[in-house]
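Hi,

Here is the structure I promised to pass on to you. Have a look at it first, and then read my notes below.

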Amino acid sequence: MLRVYNTLSHKKEDFQTLEPNVVKMYVCGPTVYSDAHIGHAMSAIVFDVARRYLEYRGYQVRFVMNFTDVDDKIINRANKLGVDPQALAESYIVAFRKHLEDLNVLPATVNPRATQTMDKIQSMIQGLIEKGFAYPARNGDVYFRVTHDPNYGKLSGRKIEDMQAGSRIEVEEEKEHPMDFAVWKAAKPGEPAWDSPWGKGRPGWHIECSAMNLAILGEQIDIHGGGNDLVFPHHENEIAQTECFTGKQFARYWMHNGMLQLQGEKMSKSLGNLVTIDDFLSRHEADALRMMVLNGSYRAPLSYSDGIMDAAERGLDRLRSGLKPASTSASGAPTDVRLALDKQAEATQQTFIEAMDDDFNSSGGLAGLFELVRTVNTARDAGASSAELNPAQDTLRTLTGVLGLRLGEKKASGGDADKFISLLVEVRTEMRKQKLWGMSDLVRDRLKELGVSIEDSKDGTTWHW
Ligand SMILES: [Zn+2]
C-alpha cells in the first residue's frame with residue numbers, strides 16, 4: 001500500500017482517495033514575473049514523479065497546477081519595464097510551459113489562472129463575509145478574520161498568540177487583528193483592477209488558490225502540493241479560507257518538497273543566487289536535473305553543486321549502459337545467467353514498487369534499477385542475445401519511464417563550444433598542410449582529453465564528441 005508523508009500530521013499515512021481510483025491533485029505553480037530557475041524545476045519534477053507513479057499504480061490523476069498571474073511582483077516588474085502586467089505574465093507563462101515540456105513534465109489536466117477565476121474568487125470572499133470569516137475594511141481591502149477560525153495554524157503548527165508575540169508585523173489599523181490577511185486588495189493607481197462589491201481591486205494571493213481549487217477540483221481534494229516555503233502563510237491561509245467556506249476538510253494529504261539551495265541558501269530571485277532553467281539546459285541534458293532530484297529525498301533540501309551534477313550524470317550513464325543492445329556476435333547466454341536475469345527483473349520491479357510506495361522514495365527505486373543494470377550488463381558480456389535481454393530491458397525502460405527519465409542519446413553537443421572546436425580543427429588542417437606534425441598532434445591529443453575525437457581521412461578531417 002502506498003504511504004504518503006502528510007505535513008498536516010507529520011507522519012506517513014496510508015493513501016486513500018476520496019473517490020475510488022481517482023486522485024485530485026493541486027500543486028501551487030509559479031508567480032510568472034521573471035525567468036524560472038531550477039528550484040521551480042525541482043518542484044515541478046517532484047510532483048511529476050508522484051503523479052507518474054500514481055498513474056503507474058492505476059489511479060486516474062486530475063492534476064492541476066496554477067499560474068499566479070496577478071501579484072505585486074508582476075505589477076512591480078511590469079511597471080519597471082514599462083509593459084502591461086498581463087502581457088508580462090503571459091510571456092512568462094509561455095516560457096514556463098516550454099520549460100516543463102523540455103523537462104519532460106507531463107502537462108497538467110488544467111492550468112488555471114487567477115485572472116480567469118475572478119467570479120469564483122469574489123463569490124468565495126462574499127461567502128466568507130456572510131459567514132463572519134471575513135470583513136471589508138474602510139480602506140477598501142477585505143481581510144480574513146483569523147480569530148474566528150479555531151483551526152488556524154494547524155498546518156504550520158503555529159498559534160495565533162505566538163505568531164502575534166513573535167512577529168514584527170506592522171499593525172495596520174484597518175485590521176481587527178495583526179494576523180488577519182487580505183483576501184481582496186483595494187486598487188492602487190497604476191495597478192490592474194477588477195470591479196467588485198467592495199470597490200475596484202484585486203484578489204490576495206492565497207484566495208486565488210482556494211478559489212481555483214474549488215472551481216476545478218471541488219470542495220475536497222486528495223493531494224495539495226508545493227514547496228515547503230509555502231507552508232506558512234500561503235497554505236495555512238488556503239486551508240483557513242477553504243475550510244471556513246465549505247465547512248469540510250480541504251486536502252487530505254499535504255505534500256511539500258524541500259528547497260533547492262545554492263551555497264547554503266534557498267535559490268531565489270531576491271537573493272540572486274539562482275541558476276535559470278535556460279542556463280541549466282544550455283549546459284546539461286534535462287534528464288540530469290531529474291536524476292539529481294531522484295537521487296535525493298524530495299522532502300529534504302537539495303544542495304546544487306558540480307559534484308551532485310556529476311553524480312547525476314554518472315547515474316544516467318549507468319542506466320543507459322543497461323539499455324545497450326546485445327553484441328552482434330551474441331550466441332546466447334548460459335542457462336544460469338538467463339535465469340538470473342529474469343529473476344532480477346522481477347526483483348527489481350518489486351523493489352521499485354516497495355520503495356516508491358514508501359512516500360515516493362525514488363532513490364530506493366533507483367537502487368533496484370541499478371541492480372538490474374548490473375545483471376543485464378553481465379548477461380550481455382556472457383553472450384546474451386537480444387531476445388534474452390529484451391524482457392529485462394523492457395522492465396528497465398518502463399520503470400525509468402515511471403520516473404520520467406527519457407534516457408535518449410546523450411546530448412552530443414557542446415553548445416557554443418562546437419564552433420570553436422570546428423575552428424581549431426580547421427587550424428590543425430592548415431598545420432598539417434604545412435607539415436607541422438608535432439603541433440597538429442598536440443591539438444588532437446588535447447582535444448581528446450576534453451572528449452573530442454578527431455578522425456583524418458583522405459576526404460578530410462571530421463570530429464565528434
Ligand atoms: Zn497556491
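Let me begin with the metal site. Three residues coordinate the zinc ion: C28 through SG, C209 through SG and H234 through NE2, at 2.0 to 2.2 Å. Please keep in mind that this is a predicted model. Along the chain, the donors follow the spacing C-x180-C-x24-H. C209 sits in helix α6 (residues 205-216) and H234 in helix α7 (residues 231-246); the two are 25 residues apart, and the pair links distant parts of the chain. Are these two residues buried or exposed? C209 is buried, with a relative accessible area of 1%, and H234 is buried as well, also with a relative accessible area of 1%.

Now for the overall layout. The chain is divided into domain 1 (3-257), domain 2 (307-402) and domain 3 (417-464). Taken over C-alpha atoms, the centres of domain 2 and domain 3 are separated by 38 Å.

Helix α11 covers residues 335-357, 23 residues in total, and reaches 33 Å from its first C-alpha to its last, close to the 33 Å expected at 1.5 Å a residue. Its buried residues are V337, L341, Q344, A345, T348, F352, A355, M356 and D357. An α-helix has 3.6 residues a turn, so residues three or four places apart point the same way. What covers the buried residues of α11? The cover includes β1 (3-6), α1 (38-56), α12 (362-381) and α13 (386-402). After α11 comes D359, which has a positive phi, near 55°.

Enjoy exploring!

Best wishes

Key: Residues numbered from 1 in each chain as written. Predicted model: local features only at pLDDT ≥ 70, side-chain atom pairs only at ≥ 80, totals over all residues. Heavy atoms only, no water. Donors = N, O, S within 2.8 Å, 3.2 Å for Na, K, Ca; no water. Helix = DSSP H or I, 4+ residues; strand = E, 2+ residues; numbered from the N terminus. Buried < 20%, exposed > 50% of the residue type's maximum accessible area, 1.4 Å probe, protein only. Domains from an automatic or database assignment. Expected span 1.5 Å × (residues − 1). Contact = heavy atoms within 4.5 Å.
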